[in-house]
Amino acid sequence: MEKLNNNEQNRIIKKGRIIMSAYIGLVLAMTLGAGLVFADNDPITVVNNLSNFIFSLIRAIGLILLGLGIMQVGLSLKSHDPSQRANGFLTLAGGIIITFTKEILNMITG
């Protein structure tokens with residue numbers, strides 16, 4: 001391993017200090033610059049907004065599974081593979097159920 005001379009060592013140390021100073025400054029700016037965040041006056045509104053956000057994420061996952069199921073069924077029809085076709089239909093059914101989870105729960109609870 002090659003030993004660095006004193007000038008190169010000082011340059012590397014100075015560069016490290018500059019990077020660390022920039023990092024510390026960024027962390028301080030983000031910490032001190034963040035204001036207090038208060039929830040809305042009505043806690044039910046906050047819970048409903050969170051519920052809507054979570055159900056929109058679940059719906060996105062369901063739509064991805066739905067597309068994957070359609071793709072699997074299409075590929076199985078092309079390759080004449082019955083096990084892939086069965087998996088495709090199961091993924092398709094799961095995607096439909098996951099996509100419409102909120103509506104299913106609303107029908108169950110009334």
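At what angle do the axes of helix α2 and helix α4 cross, and within what distance do they come? In this predicted model, the axes of α2 (residues 43–79) and α4 (residues 101–109) cross at roughly 125 degrees and come within 9 Å. Helix α2 is therefore oblique to α4. On the α2 side the contact involves N52, F55, I58 and R59, which meet T101, K102, E103 and L105 of α4. By class, the residues of this contact comprise three nonpolar, two polar and three charged.

Helix α3 covers residues 82–99. With 18 residues at 1.5 Å a residue, α3 should span 26 Å, and the distance of 25 Å between its end C-alpha atoms agrees with this. The buried residues G88, T91, L92, G95 and T99 belong to α3. Viewed down the helix axis, the buried residues of α3 fall within an arc of 105 degrees, so they line one face of the helix. In general, an α-helix has 3.6 residues a turn, so residues three or four places apart point the same way. The buried residues of α3 pack against α2 and α4. On the face turned away from the buried side, α3 carries the exposed residues P82, L90 and I97.

The packing of two helices is described by the angle between their axes and the distance between the axes. For α3 and α4, the angle is about 65 degrees and the axes are 5 Å apart. Residues I97, I98 and T99 of α3 and T101, E103 and I104 of α4 make the contact. The contact of α3 with α4 has three nonpolar, two polar and one charged residues. Thr101 and Glu103 of α4 take part in this contact and also in the contact with α2. Thr99 of α3 is buried and contributes to the contact with α4, whereas Ile97, another contributor, is exposed on the face turned away from the buried side of α3.

Two further residues were examined individually. His80 lies in the loop between α2 and α3. The phi of His80 is positive, at about 55 degrees, although this residue is not a glycine. His80 has a relative accessible area of 65% and is exposed, because the cut-off for that class is over 50%. Asn87 lies in helix α3 and has a relative accessibility of 45%, so Asn87 counts as partly exposed. Between Asn87 and Ile104 the separation is 17 residues in sequence and 23 Å in space, taken from C-alpha to C-alpha.

Note on methods
Residues numbered from 1 in each chain as written. Predicted model: local features only at pLDDT ≥ 70, side-chain atom pairs only at ≥ 80, totals over all residues. Heavy atoms only, no water. Axes fitted to C-alpha atoms, helices over the stretch in contact; angles between N-to-C directions. Helix = DSSP H or I, 4+ residues; strand = E, 2+ residues; numbered from the N terminus. Parallel < 35°, antiparallel > 145°, perpendicular 65-115°, else oblique. Contact = heavy atoms within 4.5 Å. Nonpolar A, V, L, I, M, F, W, Y, C, P; charged D, E, K, R; others polar. Expected span 1.5 Å × (residues − 1). Buried < 20%, exposed > 50% of the residue type's maximum accessible area, 1.4 Å probe, protein only. Arc of directions from axis to C-beta.
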